Structures are given as C-alpha cells and as structure tokens.
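Here are some exercises to work through with the coordinates open in your viewer.

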Amino acid sequence: MVLELLKKRQLLTTDDATLTPLTGGVSCEIYLVEDGDRRFVVKRALSKLKVKQDWFANTNRNRYEQQYLSYVGALFPQWVPKVLAAFPKDEFFTMEFLPSEYRDWKKRLLAGERKVETAATIGKALGVIHRVSWHDLGTMRQFDSDENFEELRLSPYFISLVPLYPQLRTQIEQLCQRIRSNKHCLVHGDFSPKNILVAEQGIKIVDCEVAWYGDPCFDIAFTLHHLLLKLCHLGDSVLAEMADAFYSSYQQELGEGPMAAIEPQHLMELTLFMMLARLDGKSPVEYLSDSEKNEIRERVMIALANVPNSLDALIQGVSGYEYSTS
Ligand SMILES: Nc1ncnc2c1ncn2[C@@H]1O[C@H](COP(=O)(O)OP(=O)(O)O)[C@@H](O)[C@H]1O
Ligand SMILES: [Mg+2]
C-alpha cells in the first residue's frame, strides 16, 4: 500500500524499492525506504492505534505533523528531520532518514547514559519553539487541532482515569479545563524521550502528530513525568538533576514575560496526573513492575492531595529524593 502510494506520487526511481519498518510506534506506519542508493523515511497515520485497548484517532493528525516539522524546520532546521515531500490530502509525507548516530533519548537513558547537558539542550529547544510561537495568531490558526488533542491526549490520559478514581473527578475536570483554556503557543504534544533523537552533534525532534496550539505546560510535563518515572524506577539521582536542568533551561529560553503565564502548581499537577495516567491509563509504561507501580501510585496520590508548587517539592514528593536547586 505504502509502496503504491510512493509509486503513484512518482517518489521512487527504481522498481525494486524496499520498505523496512522503523520500530517504536503505536500510531502510524513508518518505514525506511531504500530506493537504489537513496534512503528516506515515509510516514502515514493509522486510524486504529496499536495498543491493547481500542483507541481510534483521526488520520488528519499526519497533516499537523507535516505542519509542525515544516514550521520548526523553517526556523530551526537543526532540530527536526527535513521534510522531503508532503501530501496533506493523502495524509502521508516523506522525510530525510537520520543517520544511526541519532539514537532515541529513552534508549540512552535506560542504557545508563544520563547527561545533564542533554536535558538542558532539550529544554532549551522546547523553550525556543514555545517562545517563537507565543501568542502568534497565524500559528494558532494553523494548529487548530483541538479535537485531536481531546481525543489523543485529554481523553485517554485524564478523562479515562475518572472511572478508576471517581474521588478525583472534579480535580481531573478542572485540570482539563485549564489545559483547554491555556492557549499560548505551539505544543508538540508527545514531547517524550522516545521522540527525541540524540547524537553528539545535537538533537532531532520527531513524532509531532499531536501538534496543537495550546498549553505549554503540557510539553514540559510530558518530559518531566518521563524523567520522574525513570527516577523512581532507576533511583539514579542524576535524573532529578536532569529534570531540573531541562526545566531551568526551558525557563531561561522562554523568557520572563511568557513565564509569567506558567502557573507552577498547574504544571506540577499536570505532571502528577501524567504519571498516574502512565500507571493506570490506556498507554501504560512497560518498564515498571507492579510493586513499583503501587509505590509510585501511593506517592502520586499523596502529592495530588496537596499539589506542590515547585519542581524540587514535586521531585521530593514522588521519589523521596531530597533535591534542592539552590
Ligand atoms: N526521520 C527519521 N530518521 C530515522 N529514524 C526515524 C525518523 N523518524 C522516526 N524515526 C524512528 O522511528 C521511530 C518511530 O517514529 P515516530 O515518528 O516516533 O512514530 P510513532 O508515532 O509510531 O511513535 C522513532 O522513535 C525513531 O526511532
Ligand atoms: Mg514515537
């Protein structure tokens, strides 16, 4: 099917081009295309996501991914793979194939490579992307993906927790309301270590299907909750330093004016609910044992009853690790 599409669009120069699936994804078809001596990547969205529970989504998200890669690529080509050909109507696109030294940050973290500078570089890139799109009407119109965001993020991550935690219903609904109303900048929507490819020469951000104009805290919390879950799992305190470096360089890049719109308590609450969602929601983390999940759940529930208003306090609450940035 994908080969047919490529042929139809005259994107192949030989008759014996091959497709090799690229691992990792649950929401798309993504292949390395080898066509003679040319190599590139083709990506197309799937309507049913490959997770245990049924989860359907609008394939138009592939268009938002094309737009995000093009938007960021035009300003900061160093941070995203270059889009080669984009077909918004057919909902697929091709992009450059990144060399193998680009390895995803999640693999690096789990393999023991935990560099504070990498976290700072990633926080900086996120801060810059948020800053350049901050309160920009044209960007807001371009990324009018509220429905997708509801379907791919608010519903599966948060609303689906309500039946499991009926006592948290009001808190969850208020959190979602705040997320919906914080319309500030271009949000990646899946800013997790597995979607940030890291090499000596820098980083590349991929998998931008959930791109949306909205709440910057969503992206910050997405990275933070992954780092904190890994901190709980691995007990390596450098992960706390990385979380801090990520957020500090983010703040520095975003700048004082926009930072005033970021409410620390909202950010910490969002991070806590994401942690809970990855324990009990539709897309659970695969590396935690049941006993680790129970312990983390207990700490998260305590923190949610009295939401911390700083990253230090959050780190201490969820990991027991006493961390101070001062
Ligand atoms: N342009 C690229 N070059 C090389 N590898 C890539 C490229 N884009 C994605 N990948 C690899 O493929 C994986 C899956 O792609 P991704 O866009 O994240 O899809 P999914 O939505 O299915 O997670 C990524 O984690 C990355 O390892
Ligand atoms: Mg991915």
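**Exercise 1.** Which way do Ile196, Leu197, Val198 and Ala199 point from E8, and are they buried or exposed?

*Solution.* Keep in mind that this is a predicted model.

Step 1: Apply the pattern to the strand. Ile196 and Val198 point one way from E8, while Leu197 and Ala199 point the other way.

Step 2: Check the burial. All of these residues are buried.

Step 3: Look at the partners. E8 runs antiparallel to strand E6 (residues 103-104), with two bridges joining them, and Leu197 is the bridge partner of Asp104. E8 is also antiparallel to E9, this time through four bridges, and Val198 has Ile203 as its bridge partner there. E8 and E9 make a hairpin with two residues between them.

**Exercise 2.** Find which residues coordinate the magnesium ion (ligand 2), and work out where they sit in the chain.

*Solution.* Step 1: List the donors. Asn195 (OD1) and Asp207 (OD) coordinate the magnesium ion, at 2.1 to 2.2 Å.

Step 1: Asn195 belongs to the loop between strand E7 (185-187) and strand E8 (196-199), and Asp207 to the loop between strand E9 (202-205) and strand E10 (212-214); the two are 12 residues apart.

Step 2: Apply the burial cut-off, which is under 20% relative accessible area. Asn195 has 5%, so this residue is buried. Asp207 has 15%, so this one is buried as well.

**Exercise 3.** In what order do the five strands of the open sheet lie, and which strands stand at the edges?

*Solution.* Step 1: Read off the order. The five strands run E1-E2-E3-E5-E4, with antiparallel pairing.

Step 1: Find the edges. Strand E1 (18-21) and strand E4 (83-87) each have a single partner strand, so one side of each lacks a neighbour in the sheet. From one strand to the next, the twist averages 25°.

Step 2: See what packs on the sheet. Helix H2 (residues 61-75) touches E3, E4 and E5, and its direction makes about 30° with that of E5.

Step 3: Follow the pairings of E5. Five bridges join strand E3 (residues 38-45) to strand E5 (residues 92-96), and one of the pairs is Val42 with Thr94. E4 and E5 form a hairpin with four residues between them, and Glu91 in the turn has a positive phi of about 55°.

Step 4: Four of its five residues are buried, so E5 is largely enclosed by the rest of the structure.

**Exercise 4.** How many of the 17 residues of H9 are buried, and what covers them?

*Solution.* Step 1: Check the length. Helix H9 (residues 238-254) reaches 24 Å from its first C-alpha to its last, close to the 24 Å expected.

Step 1: Count the burial. 12 of the 17 residues are buried, so H9 is largely enclosed by the rest of the structure. Among them are Met242, Phe246, Tyr247 and Leu254.

Step 2: Name the cover. It includes helix H3 (105-110), helix H4 (116-133), H8, helix H10 (256-259), H11 and H13.

Step 3: Look just past the end. Gly255 follows H9 and has a positive phi, near 90°.

Technical notes. Residues numbered from 1 in each chain as written. Chains lettered and ligands numbered in written order. Predicted model: local features only at pLDDT ≥ 70, side-chain atom pairs only at ≥ 80, totals over all residues. Heavy atoms only, no water. Pairing = 2+ DSSP bridges. Axes fitted to C-alpha atoms, helices over the stretch in contact; angles between N-to-C directions. Contact = heavy atoms within 4.5 Å. Donors = N, O, S within 2.8 Å, 3.2 Å for Na, K, Ca; no water. Buried < 20%, exposed > 50% of the residue type's maximum accessible area, 1.4 Å probe, protein only. Expected span 1.5 Å × (residues − 1).
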